[in-house]
Amino acid sequence: MTATQILLLIAAYFGVLILISYFTGKEDSNDAFFKANKSAPWYLVAFGMIGASLSGVTFISVPGWVAGSQFSYMQVVFGYLVGYLVIAFVLMPIYYRLNVISIYQYLESRFGTVSYKTGAFFFFISRVLGAAFRLYLIAIVLQKFVFDAYGIPFVVTVSISILLIWLYTFKGGIKTIIWTDTLQTLFMLTALVVAVYLITDELNWSFADFLASEELTKYNKIMFTDSILAKNHFIKSFLGGMFIAICMTGLDQDMMQKNLSCKTLKDAQKNMLSFASVLIVVNFVFLLLGALLFIYAEKHNIATPMLDGKVKTDLLFPEIALNGGLSISLAIFFLLGLIAAAYSSADSALTSLTTSFCVDFLGIEKREINTQKSLRKRIHILMSVLLVIVIVIFKYVLDSNVIDNLLKVAGYTYGPLLGLFAFGIFTKRIIKDKLVWVVALTALALSFIIGNIPTENIGGYIIGYELLIINGLLTFIGLFLISKKSEA
(Lines give C-alpha, C1' and ligand atoms only; values in the text may rest on other atoms or scores of the structure.)
Protein backbone atom coordinates (compact mmCIF):
# COMPACT_ATOMS: atom_id res chain seq x y z
CA MET A 1 0.00 0.00 0.00
CA THR A 2 1.11 3.54 -0.67
CA ALA A 3 1.39 6.13 2.09
CA THR A 4 -1.59 8.00 0.62
CA GLN A 5 -3.78 4.88 0.67
CA ILE A 6 -2.85 4.26 4.30
CA LEU A 7 -3.76 7.84 5.23
CA LEU A 8 -7.14 7.52 3.52
CA LEU A 9 -7.83 4.30 5.42
CA ILE A 10 -6.92 5.93 8.73
CA ALA A 11 -9.13 8.94 7.94
CA ALA A 12 -12.10 6.67 7.14
CA TYR A 13 -11.55 4.67 10.33
CA PHE A 14 -11.51 7.72 12.56
CA GLY A 15 -14.49 9.12 10.75
CA VAL A 16 -16.46 6.12 12.03
CA LEU A 17 -15.18 6.60 15.60
CA ILE A 18 -16.05 10.29 15.59
CA LEU A 19 -19.53 9.42 14.32
CA ILE A 20 -19.95 7.01 17.25
CA SER A 21 -18.78 9.71 19.65
CA TYR A 22 -21.36 12.12 18.19
CA PHE A 23 -24.22 9.83 19.25
CA THR A 24 -22.74 8.63 22.56
CA GLY A 25 -21.37 12.02 23.63
CA LYS A 26 -24.60 14.00 23.40
CA GLU A 27 -24.86 13.94 27.18
CA ASP A 28 -21.77 16.00 27.95
CA SER A 29 -21.81 15.42 31.70
CA ASN A 30 -19.16 14.33 34.19
CA ASP A 31 -21.33 11.39 35.27
CA ALA A 32 -21.39 10.08 31.69
CA PHE A 33 -17.68 10.84 31.18
CA PHE A 34 -16.50 9.16 34.39
CA LYS A 35 -19.05 6.33 34.92
CA ALA A 36 -21.21 6.02 31.76
CA ASN A 37 -24.15 6.67 34.11
CA LYS A 38 -23.53 3.14 35.48
CA SER A 39 -25.67 1.70 32.70
CA ALA A 40 -23.18 -0.07 30.39
CA PRO A 41 -24.18 -3.60 29.23
CA TRP A 42 -21.70 -6.09 30.72
CA TYR A 43 -21.23 -8.02 27.46
CA LEU A 44 -20.17 -4.87 25.61
CA VAL A 45 -17.72 -4.02 28.37
CA ALA A 46 -16.29 -7.57 28.28
CA PHE A 47 -15.83 -7.61 24.52
CA GLY A 48 -14.33 -4.13 24.42
CA MET A 49 -11.93 -4.95 27.26
CA ILE A 50 -10.31 -7.65 25.10
CA GLY A 51 -9.01 -4.99 22.73
CA ALA A 52 -8.11 -2.61 25.54
CA SER A 53 -6.16 -5.30 27.40
CA LEU A 54 -4.32 -6.61 24.35
CA SER A 55 -3.60 -3.25 22.70
CA GLY A 56 -1.05 -2.57 19.98
CA VAL A 57 1.59 -4.09 22.24
CA THR A 58 0.06 -7.54 21.84
CA PHE A 59 -0.82 -7.00 18.19
CA ILE A 60 2.77 -6.28 17.17
CA SER A 61 5.09 -6.97 20.06
CA VAL A 62 3.89 -10.44 21.14
CA PRO A 63 4.38 -11.90 17.61
CA GLY A 64 7.76 -10.17 17.47
CA TRP A 65 8.76 -11.73 20.80
CA VAL A 66 8.42 -15.29 19.51
CA ALA A 67 11.87 -15.46 17.89
CA GLY A 68 13.69 -14.85 21.16
CA SER A 69 11.28 -16.37 23.70
CA GLN A 70 9.20 -18.92 21.74
CA PHE A 71 5.76 -19.38 23.34
CA SER A 72 6.96 -18.76 26.90
CA TYR A 73 4.58 -15.80 27.10
CA MET A 74 1.72 -18.30 27.58
CA GLN A 75 3.13 -19.06 31.04
CA VAL A 76 2.43 -15.42 31.91
CA VAL A 77 -1.04 -15.64 30.30
CA PHE A 78 -1.97 -18.67 32.46
CA GLY A 79 -1.09 -16.56 35.48
CA TYR A 80 -3.36 -13.81 34.16
CA LEU A 81 -6.36 -16.14 34.48
CA VAL A 82 -5.84 -16.66 38.21
CA GLY A 83 -5.29 -12.93 38.64
CA TYR A 84 -8.62 -12.16 36.97
CA LEU A 85 -10.39 -14.53 39.39
CA VAL A 86 -8.91 -12.56 42.30
CA ILE A 87 -10.14 -9.33 40.71
CA ALA A 88 -13.67 -10.67 40.19
CA PHE A 89 -14.18 -12.10 43.67
CA VAL A 90 -11.91 -10.04 45.95
CA LEU A 91 -11.47 -6.54 44.52
CA MET A 92 -14.72 -5.90 42.64
CA PRO A 93 -16.98 -6.50 45.66
CA ILE A 94 -15.02 -3.83 47.55
CA TYR A 95 -15.29 -1.26 44.76
CA TYR A 96 -19.02 -1.81 44.30
CA ARG A 97 -19.71 -1.74 48.04
CA LEU A 98 -17.98 1.64 48.38
CA ASN A 99 -19.55 2.96 45.13
CA VAL A 100 -16.31 4.73 44.15
CA ILE A 101 -15.50 6.72 41.00
CA SER A 102 -11.76 6.25 41.48
CA ILE A 103 -10.74 2.89 42.94
CA TYR A 104 -8.03 4.66 44.98
CA GLN A 105 -10.79 6.22 47.09
CA TYR A 106 -10.73 2.83 48.86
CA LEU A 107 -7.29 3.72 50.23
CA GLU A 108 -8.66 6.93 51.69
CA SER A 109 -11.49 5.12 53.45
CA ARG A 110 -9.11 2.45 54.76
CA PHE A 111 -6.00 4.43 55.67
CA GLY A 112 -6.28 8.16 55.03
CA THR A 113 -5.58 10.97 52.60
CA VAL A 114 -1.83 10.43 52.16
CA SER A 115 -2.35 6.75 51.29
CA TYR A 116 -5.05 7.76 48.83
CA LYS A 117 -2.83 10.31 47.10
CA THR A 118 0.14 7.91 47.10
CA GLY A 119 -1.89 5.19 45.40
CA ALA A 120 -3.30 7.63 42.86
CA PHE A 121 0.20 8.97 42.15
CA PHE A 122 1.61 5.52 41.40
CA PHE A 123 -1.34 4.72 39.14
CA PHE A 124 -0.82 8.01 37.34
CA ILE A 125 2.84 7.27 36.64
CA SER A 126 2.03 3.67 35.67
CA ARG A 127 -0.72 4.64 33.25
CA VAL A 128 1.23 7.47 31.63
CA LEU A 129 4.11 5.09 30.92
CA GLY A 130 1.80 2.23 29.89
CA ALA A 131 -0.25 4.37 27.51
CA ALA A 132 2.93 5.87 26.09
CA PHE A 133 4.38 2.39 25.43
CA ARG A 134 1.23 1.41 23.53
CA LEU A 135 0.99 4.60 21.50
CA TYR A 136 4.71 4.55 20.78
CA LEU A 137 4.20 1.32 18.84
CA ILE A 138 1.52 2.73 16.54
CA ALA A 139 3.51 5.93 16.12
CA ILE A 140 6.71 4.22 14.95
CA VAL A 141 4.75 2.07 12.49
CA LEU A 142 2.95 5.09 11.03
CA GLN A 143 6.23 6.99 10.94
CA LYS A 144 8.15 4.27 9.12
CA PHE A 145 5.47 3.28 6.63
CA VAL A 146 3.57 6.55 6.11
CA PHE A 147 4.94 9.82 7.40
CA ASP A 148 8.59 9.30 6.48
CA ALA A 149 7.42 9.37 2.85
CA TYR A 150 6.19 12.94 3.40
CA GLY A 151 9.15 14.08 5.50
CA ILE A 152 6.94 14.63 8.54
CA PRO A 153 8.79 14.60 11.91
CA PHE A 154 8.03 11.95 14.54
CA VAL A 155 6.68 14.51 17.02
CA VAL A 156 4.03 15.55 14.48
CA THR A 157 3.05 11.90 13.94
CA VAL A 158 2.59 11.46 17.69
CA SER A 159 0.66 14.71 18.03
CA ILE A 160 -1.75 13.68 15.27
CA SER A 161 -2.32 10.31 16.96
CA ILE A 162 -3.19 11.93 20.29
CA LEU A 163 -5.36 14.59 18.64
CA LEU A 164 -7.46 11.91 16.94
CA ILE A 165 -8.07 10.22 20.30
CA TRP A 166 -8.98 13.52 21.91
CA LEU A 167 -11.53 14.29 19.19
CA TYR A 168 -13.71 11.29 19.95
CA THR A 169 -13.30 11.13 23.74
CA PHE A 170 -13.44 14.73 24.97
CA LYS A 171 -17.23 14.75 25.44
CA GLY A 172 -18.48 11.21 26.04
CA GLY A 173 -15.46 9.83 27.91
CA ILE A 174 -15.95 6.28 29.18
CA LYS A 175 -19.49 6.12 27.74
CA THR A 176 -18.09 6.63 24.23
CA ILE A 177 -15.11 4.35 24.81
CA ILE A 178 -17.25 1.34 25.76
CA TRP A 179 -18.81 1.50 22.29
CA THR A 180 -15.67 2.38 20.32
CA ASP A 181 -13.72 -0.36 22.09
CA THR A 182 -16.32 -2.89 20.98
CA LEU A 183 -15.83 -1.90 17.34
CA GLN A 184 -12.05 -1.78 17.70
CA THR A 185 -11.89 -5.24 19.30
CA LEU A 186 -13.91 -6.61 16.38
CA PHE A 187 -11.44 -5.09 13.90
CA MET A 188 -8.45 -6.41 15.81
CA LEU A 189 -9.67 -10.00 16.09
CA THR A 190 -10.75 -10.00 12.44
CA ALA A 191 -7.29 -8.79 11.43
CA LEU A 192 -5.68 -11.57 13.49
CA VAL A 193 -7.75 -14.31 11.84
CA VAL A 194 -7.26 -12.88 8.34
CA ALA A 195 -3.49 -12.57 8.83
CA VAL A 196 -3.14 -16.18 9.97
CA TYR A 197 -5.29 -17.41 7.07
CA LEU A 198 -3.54 -15.40 4.33
CA ILE A 199 0.01 -16.24 5.46
CA THR A 200 -0.69 -19.97 5.85
CA ASP A 201 -2.34 -19.94 2.43
CA GLU A 202 0.70 -18.19 0.92
CA LEU A 203 2.87 -20.94 2.42
CA ASN A 204 0.55 -23.53 0.79
CA TRP A 205 -0.54 -24.82 4.17
CA SER A 206 -3.90 -25.37 5.77
CA PHE A 207 -4.11 -24.31 9.40
CA ALA A 208 -3.81 -27.97 10.40
CA ASP A 209 -0.69 -28.32 8.21
CA PHE A 210 0.85 -25.35 9.98
CA LEU A 211 0.16 -26.80 13.45
CA ALA A 212 1.76 -30.11 12.38
CA SER A 213 4.73 -28.54 10.58
CA GLU A 214 8.36 -29.09 11.50
CA GLU A 215 8.98 -25.35 11.19
CA LEU A 216 6.57 -24.56 14.04
CA THR A 217 8.52 -26.77 16.48
CA LYS A 218 11.34 -24.19 16.43
CA TYR A 219 9.06 -21.71 18.15
CA ASN A 220 6.21 -23.45 20.01
CA LYS A 221 7.77 -24.45 23.32
CA ILE A 222 5.52 -23.17 26.11
CA MET A 223 6.76 -24.62 29.39
CA PHE A 224 10.24 -23.70 30.62
CA THR A 225 11.13 -25.58 33.81
CA ASP A 226 14.81 -26.41 33.32
CA SER A 227 16.31 -23.84 35.65
CA ILE A 228 14.72 -21.64 38.30
CA LEU A 229 17.59 -19.25 37.66
CA ALA A 230 16.23 -18.40 34.20
CA LYS A 231 13.97 -15.40 33.71
CA ASN A 232 11.32 -17.45 31.88
CA HIS A 233 10.98 -20.32 34.37
CA PHE A 234 7.32 -21.40 34.65
CA ILE A 235 6.85 -20.60 38.34
CA LYS A 236 8.34 -17.12 37.97
CA SER A 237 6.35 -16.38 34.82
CA PHE A 238 3.07 -17.76 36.21
CA LEU A 239 3.26 -15.86 39.49
CA GLY A 240 4.44 -12.76 37.64
CA GLY A 241 1.48 -13.01 35.26
CA MET A 242 -0.96 -13.49 38.12
CA PHE A 243 0.19 -10.36 39.94
CA ILE A 244 0.57 -8.37 36.72
CA ALA A 245 -3.11 -9.07 36.01
CA ILE A 246 -4.14 -8.11 39.54
CA CYS A 247 -2.17 -4.87 39.36
CA MET A 248 -2.52 -3.82 35.73
CA THR A 249 -6.24 -4.62 35.67
CA GLY A 250 -7.62 -4.88 39.21
CA LEU A 251 -5.60 -2.01 40.71
CA ASP A 252 -5.70 0.10 37.55
CA GLN A 253 -8.27 2.88 37.25
CA ASP A 254 -8.25 2.55 33.46
CA MET A 255 -9.48 -1.06 33.36
CA MET A 256 -11.66 -0.86 36.47
CA GLN A 257 -13.42 2.30 35.30
CA LYS A 258 -15.06 0.23 32.56
CA ASN A 259 -16.07 -2.50 34.99
CA LEU A 260 -17.54 0.04 37.39
CA SER A 261 -19.78 1.31 34.58
CA CYS A 262 -21.79 -1.96 34.73
CA LYS A 263 -25.15 -1.87 36.47
CA THR A 264 -24.39 -4.43 39.19
CA LEU A 265 -21.49 -6.33 40.74
CA LYS A 266 -22.84 -9.57 39.25
CA ASP A 267 -22.73 -8.07 35.75
CA ALA A 268 -19.17 -6.85 36.32
CA GLN A 269 -18.09 -10.32 37.47
CA LYS A 270 -19.66 -11.95 34.41
CA ASN A 271 -17.77 -9.44 32.31
CA MET A 272 -14.44 -10.26 33.95
CA LEU A 273 -14.80 -14.06 33.73
CA SER A 274 -15.86 -14.10 30.08
CA PHE A 275 -13.14 -11.61 29.18
CA ALA A 276 -10.48 -13.74 30.92
CA SER A 277 -11.50 -16.92 29.10
CA VAL A 278 -11.37 -15.36 25.64
CA LEU A 279 -8.08 -13.63 26.38
CA ILE A 280 -6.19 -16.93 26.77
CA VAL A 281 -7.25 -18.14 23.34
CA VAL A 282 -6.52 -14.82 21.64
CA ASN A 283 -3.01 -14.57 23.12
CA PHE A 284 -2.20 -18.09 21.93
CA VAL A 285 -3.30 -17.25 18.38
CA PHE A 286 -1.08 -14.15 18.45
CA LEU A 287 1.88 -16.37 19.30
CA LEU A 288 0.97 -18.68 16.42
CA LEU A 289 0.92 -15.63 14.18
CA GLY A 290 4.40 -14.71 15.43
CA ALA A 291 5.74 -18.11 14.47
CA LEU A 292 4.10 -17.80 11.05
CA LEU A 293 5.73 -14.42 10.49
CA PHE A 294 9.24 -15.69 11.24
CA ILE A 295 8.70 -18.82 9.12
CA TYR A 296 7.47 -16.69 6.23
CA ALA A 297 10.34 -14.22 6.62
CA GLU A 298 12.90 -17.04 6.57
CA LYS A 299 11.40 -18.65 3.47
CA HIS A 300 11.29 -15.34 1.58
CA ASN A 301 14.57 -13.86 2.87
CA ILE A 302 12.85 -10.92 4.58
CA ALA A 303 15.17 -9.27 7.07
CA THR A 304 13.90 -8.08 10.44
CA PRO A 305 13.45 -4.29 10.13
CA MET A 306 15.74 -1.82 11.85
CA LEU A 307 14.97 1.52 13.44
CA ASP A 308 17.66 4.05 14.28
CA GLY A 309 20.30 1.37 13.65
CA LYS A 310 18.68 -1.19 16.00
CA VAL A 311 16.92 -4.44 15.07
CA LYS A 312 13.19 -4.15 15.92
CA THR A 313 11.33 -7.47 15.89
CA ASP A 314 8.21 -5.43 16.74
CA LEU A 315 8.26 -4.19 13.14
CA LEU A 316 8.32 -7.60 11.42
CA PHE A 317 4.53 -7.92 11.26
CA PRO A 318 4.01 -4.51 9.63
CA GLU A 319 6.95 -5.15 7.29
CA ILE A 320 5.43 -8.40 6.01
CA ALA A 321 1.87 -7.06 5.94
CA LEU A 322 2.75 -3.91 4.01
CA ASN A 323 5.86 -4.85 2.04
CA GLY A 324 5.97 -8.65 2.07
CA GLY A 325 4.44 -9.30 -1.32
CA LEU A 326 1.15 -10.60 0.07
CA SER A 327 -2.31 -9.46 -1.01
CA ILE A 328 -3.61 -5.95 -0.44
CA SER A 329 -6.26 -7.52 1.83
CA LEU A 330 -3.63 -8.35 4.45
CA ALA A 331 -2.31 -4.79 4.39
CA ILE A 332 -5.80 -3.35 4.85
CA PHE A 333 -6.78 -5.71 7.66
CA PHE A 334 -3.38 -5.31 9.33
CA LEU A 335 -3.74 -1.54 9.43
CA LEU A 336 -7.31 -1.72 10.70
CA GLY A 337 -6.25 -4.22 13.36
CA LEU A 338 -3.19 -2.23 14.38
CA ILE A 339 -5.03 1.05 14.66
CA ALA A 340 -7.88 -0.62 16.54
CA ALA A 341 -5.52 -2.43 18.92
CA ALA A 342 -3.45 0.65 19.66
CA TYR A 343 -6.29 3.10 20.11
CA SER A 344 -8.62 0.77 22.02
CA SER A 345 -6.22 0.97 24.97
CA ALA A 346 -4.91 4.47 24.43
CA ASP A 347 -8.30 6.17 24.37
CA SER A 348 -9.38 4.62 27.68
CA ALA A 349 -5.96 5.44 29.15
CA LEU A 350 -6.39 9.10 28.27
CA THR A 351 -9.87 9.09 29.81
CA SER A 352 -8.74 7.32 32.99
CA LEU A 353 -5.82 9.71 33.42
CA THR A 354 -8.24 12.61 33.14
CA THR A 355 -10.59 10.92 35.62
CA SER A 356 -7.84 10.16 38.12
CA PHE A 357 -6.31 13.63 37.98
CA CYS A 358 -9.71 15.33 38.33
CA VAL A 359 -11.05 13.09 41.11
CA ASP A 360 -7.91 12.06 43.00
CA PHE A 361 -5.79 15.20 42.84
CA LEU A 362 -8.19 18.07 42.17
CA GLY A 363 -11.25 16.79 44.08
CA ILE A 364 -13.54 17.79 41.24
CA GLU A 365 -16.67 16.56 43.05
CA LYS A 366 -16.11 19.13 45.80
CA ARG A 367 -15.81 22.09 43.41
CA GLU A 368 -18.51 24.41 42.17
CA ILE A 369 -20.93 22.59 39.85
CA ASN A 370 -20.63 25.21 37.12
CA THR A 371 -16.82 24.82 36.96
CA GLN A 372 -16.55 21.01 36.95
CA LYS A 373 -17.12 20.39 33.25
CA SER A 374 -14.69 23.09 32.05
CA LEU A 375 -12.05 21.83 34.51
CA ARG A 376 -12.42 18.26 33.20
CA LYS A 377 -11.96 19.44 29.60
CA ARG A 378 -8.83 21.44 30.43
CA ILE A 379 -7.29 18.44 32.20
CA HIS A 380 -8.16 16.23 29.22
CA ILE A 381 -6.07 18.52 27.00
CA LEU A 382 -3.23 18.59 29.54
CA MET A 383 -3.09 14.77 29.67
CA SER A 384 -2.95 14.67 25.87
CA VAL A 385 0.08 16.97 25.80
CA LEU A 386 1.79 14.92 28.52
CA LEU A 387 1.43 11.71 26.49
CA VAL A 388 2.96 13.37 23.42
CA ILE A 389 6.04 14.39 25.41
CA VAL A 390 6.57 10.93 26.96
CA ILE A 391 6.14 9.08 23.64
CA VAL A 392 8.71 11.28 21.90
CA ILE A 393 11.16 10.57 24.74
CA PHE A 394 10.61 6.81 24.29
CA LYS A 395 11.84 7.00 20.70
CA TYR A 396 15.31 7.74 22.00
CA VAL A 397 15.50 5.51 25.08
CA LEU A 398 13.80 2.18 24.19
CA ASP A 399 16.14 -0.45 22.79
CA SER A 400 14.27 -3.77 23.23
CA ASN A 401 10.91 -5.43 22.70
CA VAL A 402 8.10 -3.12 23.85
CA ILE A 403 6.02 -5.68 25.75
CA ASP A 404 9.11 -6.75 27.71
CA ASN A 405 9.71 -3.10 28.63
CA LEU A 406 6.06 -2.63 29.56
CA LEU A 407 5.98 -5.59 31.96
CA LYS A 408 9.35 -4.61 33.42
CA VAL A 409 8.17 -1.09 34.24
CA ALA A 410 4.98 -2.53 35.76
CA GLY A 411 7.14 -4.33 38.32
CA TYR A 412 8.36 -0.98 39.63
CA THR A 413 5.28 1.23 39.41
CA TYR A 414 2.50 -1.18 40.43
CA GLY A 415 4.40 -2.76 43.34
CA PRO A 416 3.46 -0.08 45.90
CA LEU A 417 -0.19 -0.33 44.81
CA LEU A 418 -0.08 -4.10 45.32
CA GLY A 419 1.35 -3.69 48.82
CA LEU A 420 -1.14 -0.97 49.82
CA PHE A 421 -4.24 -2.83 48.68
CA ALA A 422 -3.02 -6.18 50.07
CA PHE A 423 -2.31 -4.63 53.48
CA GLY A 424 -5.69 -2.92 53.52
CA ILE A 425 -7.67 -6.01 52.51
CA PHE A 426 -5.85 -8.76 54.44
CA THR A 427 -5.07 -6.99 57.70
CA LYS A 428 -7.02 -4.83 60.13
CA ARG A 429 -4.01 -2.87 61.35
CA ILE A 430 -3.95 0.92 61.52
CA ILE A 431 -1.00 2.66 59.83
CA LYS A 432 0.61 6.07 60.24
CA ASP A 433 -0.89 7.54 57.13
CA LYS A 434 1.58 10.43 56.80
CA LEU A 435 4.50 7.96 56.39
CA VAL A 436 2.96 5.89 53.58
CA TRP A 437 4.66 7.83 50.79
CA VAL A 438 8.04 7.19 52.46
CA VAL A 439 7.34 3.45 52.56
CA ALA A 440 6.25 3.39 48.91
CA LEU A 441 9.29 5.27 47.64
CA THR A 442 11.65 3.17 49.78
CA ALA A 443 10.14 -0.05 48.42
CA LEU A 444 10.48 1.31 44.88
CA ALA A 445 14.13 2.23 45.43
CA LEU A 446 14.98 -1.14 46.99
CA SER A 447 13.19 -2.95 44.14
CA PHE A 448 15.19 -0.98 41.61
CA ILE A 449 18.43 -1.94 43.35
CA ILE A 450 17.40 -5.61 43.54
CA GLY A 451 16.26 -5.63 39.91
CA ASN A 452 19.64 -4.36 38.75
CA ILE A 453 21.92 -6.67 40.76
CA PRO A 454 24.31 -8.35 38.28
CA THR A 455 23.27 -11.96 37.75
CA GLU A 456 26.76 -13.21 38.51
CA ASN A 457 26.44 -11.76 42.04
CA ILE A 458 23.35 -13.90 42.82
CA GLY A 459 24.48 -17.25 41.45
CA GLY A 460 23.30 -16.64 37.89
CA TYR A 461 19.69 -15.98 38.96
CA ILE A 462 17.87 -13.70 36.50
CA ILE A 463 15.14 -11.58 38.09
CA GLY A 464 12.03 -11.48 35.91
CA TYR A 465 8.44 -10.48 36.51
CA GLU A 466 8.60 -11.63 40.13
CA LEU A 467 10.08 -8.18 40.79
CA LEU A 468 6.48 -6.95 41.06
CA ILE A 469 5.85 -9.41 43.89
CA ILE A 470 9.09 -8.39 45.62
CA ASN A 471 8.12 -4.73 45.37
CA GLY A 472 4.65 -5.39 46.77
CA LEU A 473 6.11 -7.48 49.61
CA LEU A 474 8.58 -4.75 50.54
CA THR A 475 5.73 -2.24 50.62
CA PHE A 476 3.66 -4.62 52.78
CA ILE A 477 6.55 -5.06 55.25
CA GLY A 478 7.11 -1.30 55.38
CA LEU A 479 3.43 -0.68 56.12
CA PHE A 480 3.54 -3.27 58.88
CA LEU A 481 6.47 -1.45 60.48
CA ILE A 482 4.52 1.82 60.64
CA SER A 483 1.30 0.19 61.85
CA LYS A 484 -0.36 -0.86 65.09
CA LYS A 485 -3.18 -3.20 66.02
CA SER A 486 -6.69 -1.91 65.54
CA GLU A 487 -8.54 -1.19 68.80
CA ALA A 488 -11.85 -2.18 67.20
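First, the ground rules. This is a predicted model, so local features need pLDDT of at least 70 and side-chain atom pairs count only at pLDDT 80 or more, while totals for chains, interfaces and linings use all residues. Residues are numbered from 1 along each chain as its sequence is written, and side-chain values use heavy atoms, with hydrogens and water left out.

Pockets, then. The search runs on a 1 Å grid over the protein atoms alone, and a pocket is an open set of points where a 1.4 Å probe fits, with protein on both sides within 12 Å along at least five of seven lines; a lining residue has an atom within 4 Å of a point. Points are joined across faces, edges and corners, and the volume is the space filled by probe spheres set on them.

The largest pocket comes out at about 290 Å³. It has 17 lining residues, and the closest to its centre are Phe 243, Ile 246, Leu 418, Ala 422 and Phe 426. Helices here are DSSP runs of H or I with at least four residues, numbered from the N terminus. Four of them, H4 (73-98), H10 (234-250), H17 (415-426) and H19 (467-481), each supply at least two residues of this lining. H17 has the largest share, with six residues. What is the lining made of, by residue class? There are 15 nonpolar residues, two polar and no charged. In that count, Ala, Val, Leu, Ile, Met, Phe, Trp, Tyr, Cys and Pro are nonpolar, Asp, Glu, Lys and Arg are charged, and the others, Gly among them, are polar.

The second largest pocket has a volume of about 180 Å³. Its lining has 14 residues, with Lys 408, Tyr 412, Gly 451, Ile 463 and Leu 467 nearest the centre. Two or more residues each come from H16 (402-413), H18 (436-451) and H19, and H16 gives the most, four residues. This lining divides into eight nonpolar, four polar and two charged residues.

Next, salt bridges. The rule is a side-chain nitrogen of Lys or Arg within 4 Å of a carboxyl oxygen of Asp or Glu, and by it the count is six. Glu 215 pairs with Lys 299, closest N and O atoms 3.4 Å apart. Glu 215 sits in the loop between H9 (207-211) and H10, and Lys 299 in H12 (residues 265-299), 84 residues apart. For exposure, buried means under 20% relative accessible area, exposed over 50%, and partly exposed in between, with a 1.4 Å probe and protein chains only. Glu 215 is partly exposed at 27%, and Lys 299 is partly exposed at 44%.

Glu 298 forms a salt bridge with Lys 218 at 3.1 Å between the closest N and O atoms. Glu 298 is in H12 and Lys 218 in the loop between H9 and H10, 80 residues apart.

Glu 466 and Lys 236 form another, at 3.7 Å. Glu 466 lies in the loop between H18 and H19 and Lys 236 in H10, so this pair ties together parts 230 residues apart in sequence. Are these two residues buried or exposed? Glu 466 is buried at 9%, and Lys 236 is buried at 5%.

Last, the surface. Ile 381, Val 385, Ile 389, Ile 393, Tyr 396 and Val 397 make a nonpolar patch of about 590 Å². Patch residues have over 30% relative accessible area and no salt bridge, and nonpolar side chains (Val, Leu, Ile, Met, Phe, Trp, Tyr) are joined within 5 Å, like charges within 9 Å. Areas come from the Shrake-Rupley method with a 1.4 Å probe; for residues, only the protein chains shown count as cover. Tyr 396 is in H15 (residues 369-397) and is exposed, at 59%.
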